Amino acid sequence: MTLVSRISALAVLSLLLLLSCVCSVSSAEIISSDEDYLLLINEQPPQQQRRPNIIFIFQDDLGLGDLGCYGHPYAKTPNLDRLAKEGSKFHNFHVSGVTCNPSRTGFMTSRHPASFSNYPASFGFQGVPTVTELLKENGYATAHIGKWHIGPKSSEKNGTYGIDHVQVIGGRMDHPRGKDFKIYDSAVNYLKDHHKRYNNTKPLYMNVWGHAAHMDVKPASSLVQKFSNVKVNRGDFIGSFMQSKFDRRGDKTNSMMRKYLAETHAMDSLIGKLLDTLDDLGMTSNSIVVFSADQGPSSGAMGYSGGLRGEKMMQWEGGTRVPFIVRWPGHVPADHVNCHSAVSALDFLPTLASILDLPLADEHKFEGEDVSDIWYGSDRSRQEPIFHKVSSNNPEVKRAMLYGKWKMHWNTRRDPELYDITANHDENKNIWKQNPDIGTPMLEKLIEWDERLPNKYSLKEGNTPKSFNPYAPPILVGPPDIDPGINNPPLHGGGASRRPTLNNA
């Protein structure tokens, strides 16, 4: 022992000897040596972690209106409904892409996917700092379980992007517990192992990325049977886009709806097991749980965009606006609904960095914003517009921009389209010509942003990579000089009160 430790031990011993005179207990019965003192110190309870765990549940191809808590008239999603009740639910959250990898890129890097000259699905993030690297550098254990699609096959291994544990798992369409049962079983087991190993002394960041409700939607018949009494009443769904989907499906509408409901119900049940595990391990109170999806519903399934126009692969609101739920007891307000605040997937990383008060190096440059105050209950919107563009070598590819209630679509072959999406959720009444005072400043910003993106992209693995600087300044152009107005979401009718009772026969 060091001199200081010995003096401390003698001080403790003297105190105990004094107490022994009062209690008639000998000093030998209390502490007999330096070794016993060390044993006493080592048996003290471990210091509890201060930073919260972060569990990011990310599903595939879900519409804004696909959950019960988001107004679906028939969906049975009690666990996600509970998560929303215990946390905050956002109705104006936008992903950074309309297909899988671009959306995931925004969450992981806080960089717009179109700013990468080499497509991240084929080339990875090419040195751009990720949320997992930043958290690992600051004492977090990091894990990724489920779908990958954030780099080539060779990247699917421990250590990539600072992830300690990488477990890529596919889906199984016909399993009676749902497509993602292996993913959630593995996530539950990893949570238990982490808790056993660290006993709440080391925070965990874990991606749990599922496949539901990606095509094909072919759940087990036992799951579909629970919804056998569902018959679609078209009046329960708002928006012309969903009505046109019913028109296209015709007499297959009911069967396709039952399969989709079975898919999302099974997904919700698996998420419930994960949430229950957090409860059982005593981790809920110090865990941030985030739920979202990578883009709107697939065209081949009966997903519901919540009254918005569009779906996956479309830059209309139904393709980019998805569910977003955050729960952090005692910090994020419970049973709170934010309808107005425009928030982007690009904001995920800088918001976590702010909440955790992480030190940021020069290379940590974000295109997203710190919206922690919005998570905590503010109803303001982010400052920068939200932009959309796919990584394409076609100069006429479509671009889009959202600022407040104003949405612009544009390519170089035709005049821009401008929509007031509060008044026109269907985005089918172009008011460009009538509103040059709104449209012109927006177009100028959209062009400014577009001109700062790469001119050419390397898209496929094996292609010669383009020049790319991972530490280049983020592409920020500022807001247009217009009144953004208030972006109100579509209002759902009373369909939710007509949700069917599950048929468990």
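Modeller: Start with Asn 79: its side chain makes a polar contact with the side chain of Asp 268, at 2.9 Å. A polar contact is an N or O pair within 3.5 Å; within protein, one atom must be able to donate a hydrogen and the other to accept it, and neighbours in sequence count only if both atoms are side-chain atoms.

Biologist: What should I know about where these values come from?

Modeller: This is a predicted model, so local features need pLDDT of at least 70 and side-chain atom pairs pLDDT 80 or more, while totals for chains, interfaces and linings use all residues. Side-chain values use heavy atoms, without hydrogens or water, and residues are numbered from 1 along each chain as its sequence is written.

Biologist: Fine. Is Asn 79 buried or exposed?

Modeller: Asn 79 is buried, at 17% relative accessible area. Buried means under 20%, exposed over 50%, and partly exposed in between, with a 1.4 Å probe and protein chains only.

Biologist: What else does Asn 79 touch?

Modeller: Leaving out residues up to four places away in sequence, Asn 79 touches Asp 268, Ser 269, Gly 272 and Leu 275. Contact here means heavy atoms within 4.5 Å.

Biologist: Which helix holds Asn 79?

Modeller: Asn 79 is in α4. Helices are DSSP runs of H or I with at least four residues, strands are E runs of at least two, and both are numbered from the N terminus.

Biologist: Which residues of α4 are buried?

Modeller: In α4, residues 78–86, the buried ones are Asn 79, Leu 80, Leu 83 and Ala 84. They span an arc of only 140° around the axis, so they sit on the same side of α4. The arc is taken over directions from the helix axis to the C-beta atoms.

Biologist: Why would that spacing give one side?

Modeller: An α-helix has 3.6 residues a turn, so residues three or four places apart point the same way.

Biologist: And what covers the buried residues of α4?

Modeller: The cover includes β2 (88–90), α11, β7 (287–293) and β8 (324–327).

Biologist: α11 again. How does it pack with α8?

Modeller: α8 is residues 181–198 and α11 is residues 253–280; their axes are 9 Å apart, at an angle of about 5°. Axes are lines fitted to C-alpha atoms, for helices over the stretch in contact, and angles run from 0 to 180 degrees between N-to-C directions. The two helices are therefore roughly parallel. The cut-offs: under 35 degrees is roughly parallel, over 145 roughly antiparallel, 65 to 115 roughly perpendicular, and the rest oblique.

Biologist: Which residues of α8 and α11 meet?

Modeller: From α8 come Phe 181, Tyr 184, Ala 187, Val 188, Leu 191 and Lys 192; from α11 come Leu 270, Ile 271, Lys 273, Leu 274, Thr 277 and Leu 278. By class, that contact of α8 with α11 has nine nonpolar residues, one polar and two charged. Nonpolar means Ala, Val, Leu, Ile, Met, Phe, Trp, Tyr, Cys and Pro; charged means Asp, Glu, Lys and Arg; the others, Gly among them, are polar.

Biologist: How do α10 and α11 cross?

Modeller: At roughly 120°, with their axes coming within 9 Å. Met 242, Phe 246 and Arg 249 of α10 meet Thr 253, Met 256 and Met 257 of α11.

Biologist: Which residues of α10 are buried, and what follows the helix?

Modeller: α10 covers residues 240–249, and Phe 241, Met 242, Gln 243, Lys 245 and Phe 246 are buried. Gly 250 follows α10, with a positive phi near 55°.

Biologist: New topic. Which residues other than glycine have a positive phi?

Modeller: Ser 110 is one, with phi near 60°. Asp 357 is another, at about 55°. Ser 110 is buried at 0% relative accessible area, whereas Asp 357 is exposed at 63%. For background, most residues other than glycine have a negative phi, and most peptide bonds are trans.

Biologist: Where is a peptide bond cis?

Modeller: From Ala 212 to Ala 213, omega near 10°, and between Met 215 and Asp 216, omega about 0°. Ala 213 is in the loop between β6 (204–209) and α9 (221–225). Asp 216 lies in that loop between β6 and α9 too.

Biologist: Last one. How many helices and strands are in the chain?

Modeller: 15 helices and 14 strands. Buried residues make up 56% of the 505 residues.
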